Amino acid sequence: SIKYLFNLIYNKIKIYFINKFFNKVWHVGYQDETFDKFSFYKSKVIKNPKNSFLADPFVIEYKKENYVFVEEYNFKNKKGIISVYKISKNNSQRVGVALEENFHLSFPYIFEYKNDYYMSPETSDINEIRIYKCEEFPLKWKYEKTIFKNTKSTDSMIFNFNNFWWLMTTFSSSGHGNESELQIFYSKNGPLTDNWISFKKNPVIIDPFLGRNGGILNYENKLFRVAQSFGFNTYGEKIKIQEIIKLDPDNFAEKNYCIVEPKFSKNLIGIHHLHNNNNYTVHDFCKLEFK
């Protein structure tokens, strides 16, 4: 109890001084390497827009070009939008805004279905899981449907695996605890259905160090779930890469592949996202920057 109290007081003092003299600013890095050869310290960094930060990157290849969809959070408006950057080996270029609503958006997860692209960004501000359809890549997206209503859900991922469509999300029917409870749903009728079936063992994880999604990775025909790991009063302390070794309507199992901590550059205090395609690996990280 004494040790806990000491840590609590120490961390509160530490947080006070950090908040007084520093800003916590998220950035997005990328590298033209596959997941197995990726090195964080070699990443190129996409420049943050003025008065904003970038986070939650997902990389998509389209007509032999690579695009990164990100949360762009504006400090003044206190709201996130989804913007797009085109990346090459040595350069990144802002393309524009893909999606903006009158509520906060983040985690722009994108999947392909019947030759069309769909996005399921986090829309927990309005207590929904929404899907948007791409009408003209990469900047024109239209609201398609809501697959869950009246629920708190963060960082949802929809993907096809073993002849089923799967939805993994940090969800809480009670409206709280949604940063630690991983729940799984599956569909036999595609990702646009209204009839997602709840995995019978939900929630499959109740753990603030493992329960919230932070991206997805494909490597050598294996599927990896990236899990955010929260520290003591610390958001995005590190990520855990979990290999999914079993996923069917009756069973779910994963094992730890590796842990990534923000130690690849100076003044880093967080990392909570990682994603890849066949050409690039993208991630985010948080730095302390003087006010």
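## Close-up views: salt bridges, strands, cavity and pocket

**View 1. Arg 225 and Glu 254 form a salt bridge.**
Arg 225 counts as buried because its relative accessibility is 0%. (Buried is under 20% relative accessible area, exposed over 50%, partly exposed in between; 1.4 Å probe, protein chains only.) The model is predicted: local features need pLDDT of at least 70, side-chain atom pairs count only at pLDDT 80 or more, and totals for chains, interfaces and linings use all residues. Residues are numbered from 1 along each chain as its sequence is written, and side-chain values use heavy atoms, with hydrogens and water left out.
The partner of Arg 225 is Glu 254, with the closest N and O atoms 2.8 Å apart. (A salt bridge is a side-chain nitrogen of Lys or Arg within 4 Å of a carboxyl oxygen of Asp or Glu.) This pair links distant parts of the chain. Arg 225 lies in strand S17 (residues 222–231), Glu 254 in strand S19 (residues 251–260), and 29 residues separate the two. (Strands are DSSP E runs of at least two residues, numbered from the N terminus.) Glu 254 is buried because its relative accessible area is 17%. Elsewhere, salt bridges that share partners join Glu 101, Glu 128 and Arg 130 into one network. The total is 11 salt bridges.

**View 2. Arg 212 forms salt bridges with Glu 122 and Asp 155.**
With Glu 122, the N-to-O distance is 3.8 Å. That pair spans 90 residues of sequence, from Glu 122 in strand S8 (residues 116–123) to Arg 212 in strand S16 (residues 212–219). Arg 212 and Glu 122 are both buried. With Asp 155, Arg 212 has an N-to-O distance of 2.8 Å. Here the partners are 57 residues apart, with Asp 155 in strand S11 (residues 152–161) and Arg 212 in S16. Asp 155 counts as buried because its relative accessibility is 2%. Arg 212 is at 7%, so Arg 212 counts as buried too.

**View 3. S16 and S17 pair in the antiparallel sense.**
The pairing runs over 6 bridges. (Two strands pair if DSSP finds at least two bridges between them.) Ile 216 has Arg 225 in S17 as its bridge partner. The hairpin of S16 and S17 has 2 residues between the strands, and Glu 220 takes a positive phi near 50° in this hairpin. In S16, 7 of the 8 residues are buried, so S16 is largely enclosed by the rest of the structure.

**View 4. Four strands make an open sheet in the order S7-S8-S9-S10.**
The pairing is antiparallel. S7 (106–113) and S10 (140–149) are the edge strands, each pairing on one side only. S7 and S8 are joined by 6 bridges. Across that pair, Ser 106 stands opposite Glu 122 in S8.

**View 5. The largest cavity holds about 50 Å³ of space.**
The model has 1 cavity of 30 Å³ or more. (On a 1 Å grid over the protein atoms alone, a cavity is a set of points where a 1.4 Å probe fits but cannot get out; lining residues have an atom within 4 Å of a point. Points join across faces, edges and corners, and volume is the space filled by probe spheres set on them.) S8, strand S9 (128–136) and S11 each supply at least two lining residues. Among the lining residues are Ser 120, Glu 122, Thr 123, Glu 128, Ile 129, Thr 154 and Asp 155.

**View 6. The largest pocket has a volume of about 630 Å³.**
(A pocket is an open set of points with protein on both sides within 12 Å along at least five of seven lines.) The lining has 24 residues, and the closest to the pocket centre are Ile 60, Asn 218, His 275, Asn 276 and Asn 277. Strands S3 (52–62), S7, S11, S16 and S21 (274–276) each give two or more residues to the lining.

**View 7. Lys 79 lies in strand S5 (residues 79–87).**
Lys 79 counts as buried because its relative accessibility is 18%. Lys 79 and Leu 288 are 209 residues apart in sequence. In space, their C-alpha atoms are 21 Å apart.
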